[in-house]
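This report describes selected local features of a protein model. The sequence and structure are shown first.

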Amino acid sequence: MTPVLEGFDLALRPFAIEDAAQLAAAVVASRQEIGRFMDWAHPEYGVDDARTFIRSTLLNRRAAVAFDYGIFSADGELAGVVSINNLHEDHHSGNVGYWVRTSKTRQGLASAAVKAIVPYGFQVLKLVRLEIVAAESNTASRRVAEKVGARFECIARNRLVIHGQPAAAAVYSLIPPGVTG
């Protein structure tokens with residue numbers, strides 16, 4: 001089952017090595033914004049980095065430890081990435097991560113992608129908790145969490161390390177309908 005993005009002329013699909021050039025281009029075009037919060041979006045990011053990332057997504061999917069999807073338009077343009085990762089088998093939980101290229105922000109794509117991948121986490125992966133963890137100052141990512149109905153739980157001190165420095169993060173959670181705990 002591949003998550004389905006409804007209401008947009010977009011599709012979620014696993015990456016293929018052939019996507020490396022356009023993934024690198026999307027990162028480079030968006031580095032100013034995403035690089036503030038994600039160390040991997042460094043100034044020298046290139047096609048080799050994108051290939052390495054794509055290979056890791058393929059290995060992670062086979063090992064069932066992370067599920068990354070590209071957000072692609074009908075014409076094949078990469079709009080962003082959404083994933084379920086940091087799976088904790090013992091606790092049936094994981095993390096939802098996402099980013100959207102700068103030219104596609106403020107269009108509801110990140111929220112739509114998160115809404116599409118959450119049922120995959122609950123129904124297919126049988127998770128009972130998904131977290132969205134965003135740097136405290138990452139208002140755009142926090143806004144996505146709130147738009148998708150994630151519950152704000154806390155500001156966790158030193159929850160992330162960004163560019164080698166501990167950073168506080170807002171922790172949000174999603175649970176399947178009808179599950180309490």
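## Basis of the model

The model is predicted: local features need pLDDT of at least 70, side-chain atom pairs count only at pLDDT 80 or more, and totals for chains, interfaces and linings use all residues. Residues are numbered from 1 along each chain as its sequence is written, and side-chain values use heavy atoms, with hydrogens and water left out.

Helices (H or I, at least four residues) and strands (E, at least two) are DSSP runs, numbered from the N terminus.

## Crossing of α1 and α2

Helix α1 (residues 20-34) and helix α2 (residues 47-63) have axes that come within 8 Å and cross at roughly 115 degrees. The axes are lines fitted to C-alpha atoms over the stretch in contact, with angles from 0 to 180 degrees between N-to-C directions. The two helices α1 and α2 are therefore roughly perpendicular to each other, a class that covers 65 to 115 degrees.

On the α1 side, the contact (heavy atoms within 4.5 Å) is made by Ala-20, Ala-21, Leu-23 and Ala-24. Helix α2 contributes Val-47, Ala-50, Arg-51, Phe-53 and Ile-54. By class, the α1 contact with α2 comprises eight nonpolar, no polar and one charged residues; Ala, Val, Leu, Ile, Met, Phe, Trp, Tyr, Cys and Pro count as nonpolar, Asp, Glu, Lys and Arg as charged, and the others, Gly among them, as polar.

## The two faces of α4

In helix α4 (residues 139-147), the buried residues are Ser-141, Arg-142, Val-144 and Ala-145. Buried denotes under 20% relative accessible area, exposed over 50%, and partly exposed in between (1.4 Å probe, protein chains only). Seen down the axis of α4, its buried residues fall within an arc of 155 degrees, so they line one face of the helix; the arc is that of the directions from the helix axis to the C-beta atoms.

These buried residues of α4 pack against β4 (93-100), α3 (109-124), β5 (129-135), β6 (151-162) and β7 (165-174). Thr-139 and Lys-147 are exposed on the face of α4 turned away from its buried side. Just after α4, Gly-149 has a positive phi of about 85 degrees.

Ala-79, in strand β3 (residues 78-88), is buried at 3% relative accessible area. Not counting residues up to four places away in sequence, Ala-79 touches Leu-10, Ile-71, Val-100, Arg-101, Lys-104 and Leu-109.

Most residues other than glycine have a negative phi. Asn-86 has a positive phi of about 50 degrees; this residue lies in β3 and is exposed at 51% relative accessible area. Asn-158, in β6, has a positive phi near 50 degrees and is exposed at 56% relative accessibility.

Methods:
Angles under 35 degrees count as roughly parallel, over 145 as roughly antiparallel, 65 to 115 as roughly perpendicular and the rest as oblique.
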